[in-house]
Amino acid sequence: MEKIYRGVRRFQSEVFPDHRDHFAALGAGQAPRLLLITCADSRIDPALLTQTQPGELFVIRNAGNLVAPYGAFASGEAATIEYGIRALGIQHVAVCGHTHCGAMAALREPESAVGLPAVEAWLEYGKPALEREETIEGFEAPLTRTVAANVLAQLDHLRTHPSVAEAEASGDLTLHGWVYDFEAGRIFVSDDAAHFRRLDSVMREVA
Ligand code: ZN
């Protein structure tokens with residue numbers, strides 16, 4: 001923990017003073033641009049990846065970036081989704097899976113989750129990915145295809161949440177599916193079907 005505490009001290013002494021005004025302004029409230037639902041994996045840094053500042057990302061993280069269908073149980077995910085969309089008026093939600101995801105590897109090989117009953121139970125919400133991974137276009141590695149299929153499955157689960165369904169139907173909310181290849185620093189985005197494309201190629205077409 002010593003390295004962590006030293007980091008906090010350095011933040012306080014060297015970083016915070018340059019951002020004092022920004023944090024003071026955020027005391028009045030937040031208006032995040034995006035609800036990012038991603039994995040708890042330590043190799044993902046949402047603010048670094050999106051080059052955003054405090055106040056811009058509303059974030060849900062868990063093993064496998066899973067979203068249980070609405071009503072499955074009282075979950076932190078459901079509460080955070082509802083609050084973000086209804087109370088904060090967030091207009092974009094991205095589910096972001098990533099390469100080398102341990103949760104998705106466990107989904108593919110359930111024996112690796114033996115002795116981890118909570119993981120095993122949670123991964124139940126990722127199982128629809130296994131049924132659709134064959135349809136995924138844009139990735140060679142089998143595990144990455146599962147990651148991508150899981151992103152699409154979780155977008156379906158998101159749409160079972162009334163706050164999401166209502167805001168999307170009224171045109172106030174757009175859902176995005178991302179796969180983050182952290183080794184290459186690349187983001188792949190899904191179109192409406194099972195096809196993923198590199199973000200830079202999509203942006204070139206838009207520009
Ligand atoms: Zn992961």
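User: Which residues is Ile187 in contact with, leaving aside its neighbours within four places in sequence, and in which strand is Ile187 found?

Analyst: In this predicted model, Ile187 is in contact with Leu49, Trp178, Val179, Tyr180, Arg197, Arg198 and Leu199, once its neighbours within four places in sequence are left aside. Ile187 itself is found in strand β5, which covers residues 186-190. The relative accessibility of Ile187 is 11%. Buried means under 20% relative accessible area, so Ile187, at 11%, counts as buried.

The pairing of β5 comes next. Strands of a sheet pair through backbone hydrogen bonds, in either a parallel or an antiparallel manner. With β4, strand β5 pairs in the antiparallel sense, over four bridges. Within this pairing, Val189 of β5 is the bridge partner of Trp178, and Trp178 is also one of the residues in contact with Ile187. The two strands β4 and β5 form a hairpin with four residues between them. In its turn lies Gly185, whose phi is positive, at about 70°.

β5 is also joined to β6, by three bridges, and these two strands run antiparallel. Here Ser190 stands opposite Phe196 in β6. Strands β5 and β6 likewise form a hairpin, in this case with five residues between them.

These pairings belong to a wider arrangement. Six strands form an open sheet of mixed pairing, and their order is β2-β1-β3-β4-β5-β6. At its edges are β2 (57-62) and β6 (196-198), each of which pairs on one side only. On average, neighbouring strands of this sheet are turned by 25° against each other, direction being ignored.

Going from β5 past β4, one reaches β3 in the order of the sheet. Strand β3 (residues 92-98) and strand β4 (residues 174-181) run parallel and are joined by seven bridges. In this pairing Val93 stands opposite Leu175 in β4. Helix α3 (residues 76-87) packs on the sheet, where it touches β1 (34-39), β2 and β3; the direction of α3 makes about 170° with that of β2.

Helix α3 has a helical partner as well. It packs with helix α8 (residues 162-169) at an angle of about 35°, the axes being 8 Å apart. The crossing of these two helices is left-handed. On the side of α3, the contact is made by Ile81, Glu82, Ile85 and Arg86; on the side of α8, it is made by Pro162, Ser163, Val164, Glu166 and Ala167. The residues of this contact divide into five nonpolar, one polar and three charged.

The surroundings also include a zinc ion. Its protein donors are Cys39 (SG), His98 (NE2) and Cys101 (SG), which lie 2.1 to 2.3 Å from the ion. Their spacing in sequence is C-x58-H-x2-C. Cys39 lies in strand β1, whereas Cys101 lies in the loop between β3 and α4 (102-108), so this pair ties together parts that are 62 residues apart in sequence. Both of these cysteines, Cys39 and Cys101, are buried.

Note on methods: Residues numbered from 1 in each chain as written. Predicted model: local features only at pLDDT ≥ 70, side-chain atom pairs only at ≥ 80, totals over all residues. Heavy atoms only, no water. Pairing = 2+ DSSP bridges. Axes fitted to C-alpha atoms, helices over the stretch in contact; angles between N-to-C directions. Contact = heavy atoms within 4.5 Å. Left-handed = near helix turned anticlockwise from the far one by under 90°. Nonpolar A, V, L, I, M, F, W, Y, C, P; charged D, E, K, R; others polar. Donors = N, O, S within 2.8 Å, 3.2 Å for Na, K, Ca; no water. Buried < 20%, exposed > 50% of the residue type's maximum accessible area, 1.4 Å probe, protein only.
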